[in-house]
Structures are given as structure tokens and as C-alpha cells.
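Hi everyone, thanks for coming.

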Amino acid sequence: MTLSKTKIIFFFVTIFLLGWMLYPNKLFLAYVYEGQSKLAKAEGYYLRHLEKRPHSKLAVMRLANLYHRMAAPEKALPILDKLYNHRKNDWDLAMYYLSYVQDTNDAEATYKLTRTLANNFIDDKKIAPIKIEELLDSAYQHALWTQKYDDAYKILADIIRISKRPDDYIYDMTLLDRGFKRTGHLIKLLNGQFKKNPANHDIIHELAAIYLVTKDYNQAKKIINHGLTLDNKNPEFLKLAIDIHERSGDIKTAIKLAQTLISVGSLHKDDLTEQTRRLARLHAANGEKTIAVNIYKSLLKEDRTDPQNWHDLIDYLQTIKNQGEFLDYLSSYTNEFPDDIKYLKILMDTCLYDLMDYSRLDLYLDGLTKEPRITFALDVAYGLINQNNRPLAQIWLDRIDTLFKGNRVVLDLKIDNLIALKQYKQALGLIENYLYHHQNDKEMILLAIQIYMEQAGASDIERLLDQLVRVDGANAQTLVFAAKELYYMGAANKAENYIKQAIKLNSSIENWHWLTEISYALSQKKQTRRAAEHVIALFHKIRTPTLEDHRLWFKARGRFKFTKYLTRDYNRAIKDHPDHIPLRYDFIDLLLENKKTSAAESEISRFADDFPGLSKEIRPYKARLAMLKNDWGQAFPMLEALIKEQPHSVYLKQDLATTYAKLGEWPAALDLLESIKIKTAKNDTITQTIRALRDLHDYRTYAEYLFADFGRDEIMSITTGFRGHVSKKFMLSADIHAFKAGVSALNNTQFSGKAFVSLTSHHLTDIVLKLGAGAGISEARKTPSLSLDIGYEPLDNLALNLQTSLRDLRTDIPTAISAGVLEDTASLEFNFTPVDRVLFYAKYDFNRSYLKTGAYSIEHTLEPRIGFVLLKKPYLTAGYQFTWSKISNHNGFFNSVALIPEMNAHYFTLNLSHDLLHNLALSTNFFIGEDFKRDLRLFKGDLFGGGVGLKWRVHPSFIIESSYAYGRETLSGIAGDYHQWTINLTGYWGSHNNNKPR
């Protein structure tokens, strides 16, 4: 390829032109430096650019921004003014210029520029009048502030001339006239100008407007009519004329003028629409409702996209109370303009508050989604509830809950409505969820407690009461409330703790009263007395005690001792105040607790006569009275009904369990006690009662090993057995015993065994019958045997027991086993607890032992014993026992079996037992005594002994018992030291059935 001169020259020329075109010009460099924040260099390049192009809008505006960044805005004002004077019709530039001046905070400069710009653009049809109105309004406000009233009048006149809604401005001009008395001067000036130039349209318009403002309607009409004579189709004259006639009350003329104005045909579309609206308003003002409605409808028909057309029609229909069409058009409008919140709210409010329409929940929800209004949302809910439409109310509340997350009023209403619907589980779910996040809300905790009380949720009530105390434990009233509720539920231990805390905060007579009652429920006699003493002491310090103070004083005295004097005081107080129900309840309560059966029955009857409307409230006392009279059949239905009404009352349930047991319905008693144990705090009394019932009534098998060493003699036995109820009224027992006995000195070992079956009947309320049959076998003898036991418990503190047997094989002495001794026995036991800590026991035994040869012996034994409870936890008793025994020998019976013919011993005893854990109990005992008949002396230690025992509930269905005993004592005919070990394994399983009585 060859290169010519032309190609080479063309190449270099092209390079030169590209370089010249691509070389950055000054405006571009100014941009670059401005972006790099090199403001001074950027300013220089902008100025150089403007030297050649002084009217460059882009450069001037960029430089003005730059000066603003340089904190020198005053530098930009000359170049902006110069550019605006060159481009006076540039609205965007004008607004930028005005904004820039406003940023300089020079109010006067802003005012002057605002007036200049308004005057320049006031007749410009391209600019919307509302924008000019905004400029003039700003200038007007400044003129007022700086007391330039002449300027203010002129500005107002301009605003009134261009404004589509000039009423407010006319009112302002009226105020100026009244306040500053300047209108007269302005009219004088305008009249002078009018005389000089009566054909000047601007002067005519301004003078007529001023007369309108001053309410000189005649002069205003004269001037404007003059103007219409000059130009009867002048839109501005017609507009002003309409205003003048409308304000003067000549509506008909105003209507004609408005019709003329509309027919002129030179109005802009928007102006024509506005004047048509005005005509509708005039017809409305003239009472021509149909014409006004039709005009509004025609405007809407012509343009449904203009919201104002809808607004005018809807607003007027609402004004004339055309409810049907108003709702139709309003509904249509909200469908077409769903984002217009104002009219959607009008529709919602009309439907809800005027029509009470609760079927439009979707409409209401849509509106609330767009603009949440909690008051409206709640009003819908209240309306549904008032209509008793609670299910729909719940649906609505669930919906608005998503809109007003965390709103406490909505939550409270939801919970209240659920409670009314008896949907307690759902209500509690909401409450528990709320309390999980707001643990210190006392109100909500109390509400939850109230609902759980209805639902018998004792364990939840206790948990919430604890939470309430954590939240408000410094408040004595809260502590008392918690203590009282826990006391009623049976959790008296925790109630005691809370009431003591309350007393530390407020040692009032009422708080000490509650400690008295709680301590009494816990069987803490010393603390009950101490608390009652405080009640009495505080009562005597009160100068003018009230009846309530007397009531607490009476109850405290009753906790000490229920005397005839207290009865007298109660009767006097009831006579003086027969309507004081708590006083009478207390009296009945004390009568029942002190087993004053007749007096209690009389007082209950008197109460029922005095207050027939409180028959339900007196039922708990009637039930207790029936129990006191051992009328369990009457107590049972009353207690069952009461528990349905008060499902959280532990005391009622305990009474019912006692009634079940007394009626022989021990499975039902067990069920009820187990439910109490699960739903309340640990209660030792309930636990012990359950164990006693299960020990008595559950199926069980057991095996026991016993070994006794008497030095010369020893006995070993193994026993296995079964016990269980074949029905609720009959218990079957079966036992097998194997014995090994020996006399070590004679190297003689004897084996024997027994098998026994018995049937126990619980048919009678206070009597238990047990009939048994069995057989015994040894090398010397085989025999059948019979037995009968009768147990009788007429009172809670009195029990009798008679045991008899015939032809039983004697296995307690080796020589008796080897001789094949049989025995007939009878035993009578007597247990009596006259007062709480005194135990009395007496036993009489009869025994006839006999041999095949006809030899026999007769034994009579009497053992009275008295014991005293020193402590209850641990359980410690001390007692005294006397044993008298006499055996008569017939036909040489003693030659075969050695027995002690006579005993006359007395003992001092100590017994201690304690539950170390809920499943482990230990016990120990000790005795020491003397027997003159056997020459056993107290101070020589001839007659003493002791032992230890263990009971371990490895599992509720498996128990291990073991014991060891040592003594210097005698069994029948065997003297010396002895050691005895036993171990018993018992397995339990469920009761026969759990059916409640019919």
C-alpha cells in the first residue's frame, strides 16, 4: 500500500479536528472541578464560560448552586437577576430565582421579588391561576406582617380577581377595612382614577371589588353595570357582577348573570366547569334543589375522572339529606377512587353511625387498612356486641387485631368477648401470651386469675398469684389478696408466708385476722393464739370500733376458746345487727368447728328464715352440719352441687372425699384426693390420707421375713399374702405363713404353717366386719380355724375393735408348736382421743390354750395406755402403759408349755417418727419399766427395750419396710434378752374401680 501526500495531510487534519472537538470546554471543566470539590477553580471556569455566554441558563443555575455551597449566596443574586430580566417568561427560572432569594432569609427582598413575579405572570394563560394566587398570598402575608396595608389591599384585590374561591380573601379585606380604616382612602383614590378614565377595565373591576368588600352593594352594582355596558360579555365583569348580586341577596339576578357567563363561550374549559359549579351552587342557594342536582349530575356525566365533580354532587346530596342517592354515588365514587381516604371515611362513617350497618365489614376493614382509626374499629366491635352478635364480633376483633398489633383495648375487648362466649381456653391463651411479653401487667394477671377460678385451674391460679406478688409485692393489699385466695384453695403454707409479709407492711387488725384463720387451717395452735392476741390487742386500741372490728374481735376470741360468754356476745350482736351476714357466718362457723351441733342447726335454721334469698350461700354450712351429725347421705348431694359451683375449693373437695370414704366409696375418694393433690401445692394431710386409703384399698401382694432370737429359743417366719377388693364393699385376703422354731439347748427344731382366707365387708357406714377361715399344720397337729373381727368407729375420735378366733394353731413358742397347742382367743381394743394431743388406749385379751390330752390354760390380759403428743413434726409421743396378765393352769398344761403365770408391769414409752422425704419415713421407740411379780426393777434396767424402723416407698407401687427391735422383756414363757429383725416387701396396683356413687 502506498501513502500519498493527500492521505497524509488528511490524517493530520483529522487528528487536529478530533483533538479540538474533544478538548474539554470551560463549562465541562467547571463540572469536573465542582465534582472534585475544588470550588474556587470551578467558579473561575463558570465565570469564564458566562463571559462568552452571559444568558446560559444552565451555567447560571450551576454557578448559583456553587455559591450556595461556598456559603456566599449573595454573589449569585446579580447573575440570577440579569438572567431573569433576559428571560421574564421563564416560569421555572423565576421559581428557582425566588427559591434562591428565600434561602438567603432576606424577607424584604423575597417580598419584592414575589410581587414582581406575580405581576409578570398574572395574565399569563399558561400559568395556572392557583400558582399566582399562592405567590400573591405569600406577599399578602408579608405585607400584613410589615404593616404595608396599602400593598395588602392591592394584593388582595389581585387575588380576589383571579381566585376561584375568593370568599376568604374578601373576608380578609373586610377585616382590614374594619381594623385599619384604609378602604375609604383606597376608594377615594380609585374613584379619582375612574373619573379620569371611566373606560379603564382594570379600574372599573378594582373599584367594584372594593365596594363589594365594603358591602356597598349599590355602588358596586352601579360600577359593574357601567362596565357591562362597555363590554357585556367581559368574563371578569360578569364574574364580579355575579359575586355582587349573590352577596347582596339577589340570587335570581346572579343566576341569570351566571347563565350569561356560561353562554359567552370564551371561557377556558376549567373555568367553564368552575362557573357551572357556581351556577349549581346559586340554584341550591335559591332552593332549587332539583336543578342544582341535575347540574351537578351533568358535570359528572361530562367528566367522571374529575374527583371534584363527584365531591360537589355527593356533598350536596348529603346536605339535602337525599340519603339513597348520596350513598349510591358515594359508593360508586369510592369504587372508582379507592385511594380517596376522605370520602371513603365519609362512606364508612355514614354506614356505621347513621345506618348502623354492620354487614359491610369488608368495606370497613378496607378503609382501616388504608387509614387505621382505632376508635372506628372499636365502634364496629361495640356495635356487634350490643347487637349480641358476639361470634361475628370475634371475627371482626381478630381482623383488626392484625391492624392494631399490641393495642391493649383491642386485646381486652377480645378477651372479654371470648369470656362472654365461654371460650375460656382461647381467652386464657391470649392472656398467657400477653403476660409472656408483659409479665408486670397487674390488671391482666388479675383477669387471668379470675378466669382460672371459673375453670378450677388451681395450679395456674397459684402460679399467677406468685407472679402478682412478684409484680406488686410491696403492696400489702396485693399480698392479702394472694394469701386469701391461696387459703381458699388449700395452699395454706404459701398463704401464711404472704400474709406475714403483708403484716410487715401493714400491721392491721384485718391482716392479723387472716393470719389467725390461715394458722388455724394449718393446725398451728400457738401461732393461731399469737395472731388472735394481736387482733384482740389492736381492737382494744381502736377508740370507736366499727361493727367489722367487733366481728374480727369475736372471731379471734373464738380461736382461743368458744365460751358461753362469746355465745352471749354473738347473740347480742346479731340481735342488734341481724342483717350483718359475715357476722352470722362466723358464728355458724365457730359453732360447727366446736361441734355445737344443736346450736349450729338452730342458727343455720334462723339464718335461712331471715335470708331466704341466700339459701345457696348457706349450703356449705348445712353440708358441714350433716357431716358433724354423721349424716353422710345428706352431706353428699350438697357437697357435689357446691363443688360444681366452686370448683377450686380444696376444702369442699376434702369434705366430699371424706364423705365418699364414709359412704364406702373409697375409689371416688381417692380420685378426688388425687385431683386435689395435682392441682394444689403439696399438702401433707392430703398425701397421708391418700396413702392410708391406698394402703387399705389397693390390690397388693406382700412377702415378709421375720427372725427373732430369744437366746435359748429362736423363731423364723416367712409370710406371703394377697389383699384386694372383689367389689367396693368386699375385700378378700389370703395369707400363707411358714414357721421354723427351735430350742437351741435341746437341738430341737419345729416346723409349722398356716393358710388363711378372709373376707372383709364395708357395707355399714361405721362398722367393718371380717370373717375368716383357715388351716394350720405342724408335725403334732392339723386343724381348721375360724375368725371374726368387728370394727366400730362411731366418732372420729373413738374406735372399738373386737377380734375372735377358734382352733388357731399356736406358733409363737417352740414348745407350744411341738406340743400341738390350739388356742381360742378374744380381744377387745378401745381407742379414744379426748383432746387433740391426748391418746387413750385400752385392750383386753382372753386366751384359752389347750392340748389333745385335755390340759389347758386360761389367760386374761389387760393393757391400758395413755399417750401425749409432744411434737407433730416430727411426731413425738410419750406415754405410760400398764400390763396386767394372769394365767391359770389346768390338768398340768404348764408341764408341756412353760408360761409365766402372772405379770404386773408398767412402762414409760417414747415413740418418734418422721417423714424425711415424701417417700421415706423413719421411726424409733423406747420403753423402760418394772414388774414386781417377775422381780424386774426399773432402776436396775431389768425391763427396757427399743427399736428402729424404716419405710421406703421406692415407687408408689412398691414399698420396703424393715425394722429391728431389742429388749430385756419376756414373751409368754420366754425370758431374757431378745433381738428381732423383719423385712417386708409390698407391691401395689390400682384400685378395684373408680365409679362414683349413684
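Leaving aside residues up to four places away in sequence, Trp396 touches Leu361, Tyr364, Leu365, Leu368, Ala377, Val380, Ala381 and Leu384, where a contact means heavy atoms within 4.5 Å. Trp396 belongs to the largest nonpolar core, which has 71 residues, and together with Tyr364, Val380 and Ile400 it touches the most other members. By a nonpolar core I mean a set of buried Ala, Val, Leu, Ile, Met, Phe, Trp, Tyr and Cys residues joined through side-chain atoms within 4.5 Å. Buried, in turn, is under 20% relative accessible area, exposed is over 50%, and partly exposed is in between, with a 1.4 Å probe and protein chains only. Which helix gives the most to this core? That's H12, residues 201-213, with eight residues. There's another core lying apart from this one, with 68 residues, and among them are Ala448, Leu464, Phe562 and Ile588.

A quick word on what you're looking at. This is a predicted model, where local features need pLDDT of at least 70 and side-chain atom pairs count only at pLDDT 80 or more, while totals for chains, interfaces and linings use all residues. Residues are numbered from 1 along each chain as its sequence is written, and side-chain values use heavy atoms, with hydrogens and water left out.

Now the overall picture. The chain has 42 helices and 16 strands; helices here are DSSP runs of H or I with at least four residues, strands are E runs of at least two, and both are numbered from the N terminus. Of the 998 residues in the chain, 43% are buried. If you take contacts between residues at least 6 apart in sequence, 50% of them join residues at least 24 apart. The accessible surface comes to about 52300 Å², and 55% of that belongs to carbon and sulfur atoms; the areas come from the Shrake-Rupley method with a 1.4 Å probe, and for residues only the protein chains shown count as cover.

On to the rings. How many aromatic pairs does the structure hold? There are 27 of them. Rings of Phe, Tyr and Trp (its six-membered ring) pair if their centres lie within 6.5 Å; planes under 30 degrees apart are stacked, over 60 edge-to-face, and the rest tilted. One of the pairs is Tyr487 with Trp514, edge-to-face, at 6.0 Å centre to centre and 70 degrees between the planes. This pair links distant parts of the chain: Tyr487 is in helix H28 (residues 476-489) and Trp514 in helix H30 (residues 509-521), 27 residues apart. Both Tyr487 and Trp514 are buried.

Compare that with Tyr699 and Phe722, a stacked pair at 6.4 Å centre to centre and 20 degrees between the planes. Tyr699 is in strand E1 (residues 699-709) and Phe722 in strand E2 (residues 713-725), so this pair ties together parts 23 residues apart in sequence. Are these two buried or partly exposed? Tyr699 is buried, at 19% relative accessible area, and Phe722 is partly exposed, at 27%.

There's also an aromatic cluster, formed by Phe539, Trp553, Phe554, Phe562, Tyr570 and Phe587. Arg557 has its charged end over the ring of Trp553, 4.6 Å from the ring centre. For that label, NZ of Lys or CZ of Arg has to be within 6 Å of the ring centre and within 35 degrees of the ring normal. Arg848 does likewise with Tyr856, at 5.4 Å from the ring centre.

Arg848 turns up again in the surroundings of Leu822. Leu822 touches Arg781, Thr783, Arg807, Asp808, Leu809, Arg848, Ser849 and Tyr850, again not counting residues up to four places away in sequence. Leu822 is in strand E8 (residues 822-835), and it's buried, with a relative accessible area of 0%.

Last stop, two lysines in loops. Lys215 isn't a glycine, yet its phi is positive, about 65 degrees. Lys215 lies in the loop between H12 and helix H13 (217-230), and at 48% relative accessibility it's partly exposed. Lys321 also has a positive phi, near 60 degrees. Lys321 is in the loop between helix H18 (307-319) and helix H19 (323-336), and it counts as exposed, at 71%.
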